[in-house]
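The sequence and structure come first.

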Amino acid sequence: MDALGVYVLTFNCARNFVDVDAFANHFFDALPASGAGSSAPDLIFLSLQEIAPIAYSFLGGSYLLPYFDAFRRAVQKASAQKWGQHYVNFLNDNTGMTGLMLFARDDTLSKIAWRDTAHVGLGVQEMGNKGAVGARLGYVVEGYPSKTVDLTFVAAHLAPMEDSYEQRNMDWKSIVERLVFTHDSNKPAERSSMDENTSLLEDAASAHAEGSRRDLFAPNAYLFLAGDLNYRTSNVGPSIREIEQFPRRNVDLDNPSHYSHLLKNDQLVREMSYGRTFHSLSEAPIDFPPTYKYSDAAREAVRLGLNTDDHEWKWSNHRWPSWCDRVLFLDKPWAGEAGKVKPLAYNALPLFAQSDHRPVALVASVPLRPSDASSNTENIRAVAPFSIDPSWKSKRDMARRKELVVGIIGAWFILRSMLEV
């Protein structure tokens with residue numbers, strides 16, 4: 001195998017439990033019908049925003065287990081239905097309301113030698129009502145002792161509202177400065193002492209511990225960032241007259257109501273082109289309608305199981321339809337074409353009744369070229385656009401203490417309301 005198949009999916013859960021059966025039935029809709037990218041991916045990465053009510057999210061731990069478990073069951077059901085494959089959910093983590101889940105196909109799990117994690121809050125007083133959570137892992141390649149293909153996955157949720165694009169740019173800056181990776185000594189899964197890869201894994205983990213980089217832009221590490229990035233298609237909310245210009249279904253490309261005309265006003269494309277956000281990252285071409293904000297009528301139509309596509313074109317009147325949900329990636333961690341990520345498909349899944357967002361998924365192929373940051377420093381990509389904040393840890397520790405207080409207070413109100421029923 002000379003490439004690693006990766007399936008990245010982002011979904012704003014709107015603080016609701018996912019419908020396991022419905023989600024499983026459409027989970028792999030973004031995969032090509034045939035050819036490259038149509039087979040079972042080696043790794044699955046889920047970026048989940050507003051994964052649970054704020055009290056449960058801030059408390060974390062067992063309070064979030066049912067929400068993570070629902071997605072685990074959906075992934076397992078989807079993969080069993082499509083290929084008869086089994087995936088192991090080897091890492092779940094969160095920063096407040098933003099969650100990250102990683103799955104490995106059972107025949108690839110044993111090649112994961114190490115993993116690191118990172119957290120940053122971007123919300124009120126740097127708490128996790130908005131934020132990012134990251135995981136970095138080393139994937140051992142046979143024939144390269146002590147070498148790994150390093151992959152970084154980041155789930156993010158940035159500031160909302162049409163006029164807050166500058167704050168979203170600042171959120172990206174905070175991610176670069178304060179999303180600092182620390183080593184997780186826990187092994188991804190139990191491995192047999194007879195596993196032929198054991199020595200290779202131990203060598204790779206040891207090499208990583210000795211020379212690891214902690215910042216987001218570690219040399220020779222692939223990077224996938226997915227989430228509700230919240231960039232909109234206008235700097236101000238829509239007027240009554242402008243509502244008539246919202247995208248409509250089944251219109252010609254030259255019709256002003258075709259969604260492609262709205263995409264020309266996308267804030268993320270604009271801000272990236274000016275070099276003001278998500279430096280060095282790329283995105284596959286968008287060829288799907290806006291993923292936000294769907295009306296209550298649209299969600300109700302889905303809940304009732306109405307057999308029509310019209311519900312996916314019913315927008316909320318007080319927000320511009322926008323591509324809030326995105327998957328970005330570092331095009332290549334080395335100079336030249338040898339290590340370049342190959343996007344194979346990029347699409348939105350159907351609307352689900354639980355959320356006013358549609359999920360978005362990227363199918364990509366990552367070359368299995370082991371990292372060696374010291375071999376040719378001239379070919380290492382550009383450095384991070386911002387330096388690590390030396391106070392990143394104290395800021396996160398302080399914010400975490402505040403989250404626990406808010407979570408405990410919120411849980412108390414929930415309990416009281418239940419007792420009063």
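D42, R105 and D107 are linked in a network of salt bridges, a salt bridge being a side-chain nitrogen of Lys or Arg within 4 Å of a carboxyl oxygen of Asp or Glu. Over the whole structure, the search finds 19 salt bridges. Side chains of opposite charge can pair when their charged atoms come close.

The model is predicted: local features need pLDDT of at least 70, side-chain atom pairs count only at pLDDT 80 or more, and totals for chains, interfaces and linings use all residues. Residues are numbered from 1 along each chain as its sequence is written, and side-chain values use heavy atoms, with hydrogens and water left out.

| Salt bridge | N to O distance |
|---|---|
| D69 and R73 | 3.1 Å |
| E283 and R326 | 2.7 Å |
| K395 and D389 | 2.7 Å |

The E283 and R326 pair links distant parts of the chain, 43 residues apart. E283 is in the loop between strand 10 (281-282) and helix 9 (296-303), while R326 belongs to strand 11 (residues 325-330). Helices (H or I, at least four residues) and strands (E, at least two) are DSSP runs, numbered from the N terminus. E283 is partly exposed, with a relative accessible area of 22%, and R326 is buried at 0%. Buried means under 20% relative accessible area, exposed over 50%, and partly exposed in between (1.4 Å probe, protein chains only).

D69 and R73 are four residues apart in helix 3 (residues 65-83), so about one helical turn separates them. D69 counts as partly exposed, at 27% relative accessibility, and R73 is also partly exposed, at 40%. In the remaining pair of the table, K395 is partly exposed with a relative accessible area of 30%, whereas D389 counts as buried at 13%.

D150 lies in strand 7 (residues 148-157). D150 is buried yet has no salt bridge, and the nearest side chain of opposite charge, R136, is 6.6 Å away. For such assignments, Lys and Arg count as positive and Asp and Glu as negative; His and the chain ends are not counted. The side chains of D150 and T148 are joined by a polar contact of 2.5 Å. A polar contact is a pair of N or O atoms within 3.5 Å; within protein, one must be able to donate a hydrogen and the other to accept it, and residues adjacent in sequence count only if both atoms are side-chain atoms.

T291 sits in the loop between strand 10 and helix 9 and is buried, with a relative accessible area of 0%. The side chain of T291 has a polar contact of 2.6 Å with that of D325. Beyond four places in sequence, T291 is in contact (heavy atoms within 4.5 Å) with residues including W323, C324, D325, H357 and V360.

C324 is itself buried, at 0% relative accessible area, and C13 is buried at 1%. The structure holds zero disulfides, a disulfide being a pair of cysteine sulfur atoms within 2.5 Å.

The chain averages a pLDDT of 89, and 85% of the residues score at least 70; pLDDT is the predictor's confidence in each residue, from 0 to 100. Over residues 188-194, pLDDT stays under 50, and the model has 11 contacts beyond four places in sequence for them. Where pLDDT is low, the predicted coordinates should not be read in detail.
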